[in-house]
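Hi everyone, thanks for coming. Let me put a structure on the screen, and then we'll walk through it together.

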Amino acid sequence: TVLDCGNFLAGPIVSLHLSAMGADVIKVEKPQNGDDGRAVGPFASDGNSSYHLSTNRGKRSVAIDTRTEAGKKVFSDLAAKADILYA
């Protein structure tokens, strides 16, 4: 299990390759806007960023507010079970 806390390009590309090789990747995003790559076009007809979708395919995603105690607990629990954690 890979816990991907990377943002925009470098992190998502690394975990994209790990996912393609069979890793279970969990993408951690900010609850407010998610990954910054979500704001990069071109955009699909449903409004989703084609860029974001292409660099984060094959992953699960979770929005965690690590500024709250509950969010810190969720993140800590996920990190404890992960084989790889990177930001």
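Let's begin with G22, which sits in the loop between α1 (10-20) and β2 (25-29). A quick word on names: helices (H or I, at least four residues) and strands (E, at least two) are DSSP runs, numbered from the N terminus. This is a predicted model, where local features need pLDDT of at least 70 and side-chain atom pairs count only at pLDDT 80 or more, while totals for chains, interfaces and linings use all residues. Residues are numbered from 1 along each chain as its sequence is written, and side-chain values use heavy atoms, with hydrogens and water left out.

Back to G22: it counts as exposed because its relative accessibility is 62%, exposed being over 50% with a 1.4 Å probe, protein chains only. Its C-alpha atom is 9.3 Å from that of G58, 36 residues apart along the chain.

Now the sheet. Four strands form an open sheet in the order β3-β2-β1-β4, with parallel pairing; strands pair if DSSP finds at least two bridges between them. From one strand to the next, the twist averages 20°.

β1 (residues 2-4) pairs with β4 over 3 bridges, in the parallel sense, and V2 stands opposite I84 in β4.

Finally, the helices. α1 packs on the sheet and touches β1, β2 and β4, contact meaning heavy atoms within 4.5 Å. Its direction makes about 155° with that of β1; axes are lines fitted to C-alpha atoms, for helices over the stretch in contact, and angles run from 0 to 180 degrees between N-to-C directions. Helix α3 (residues 69-81) lies across β1, β2, β3 and β4, at about 140° to β1.

Technical notes:
Buried < 20%, exposed > 50% of the residue type's maximum accessible area, 1.4 Å probe, protein only.
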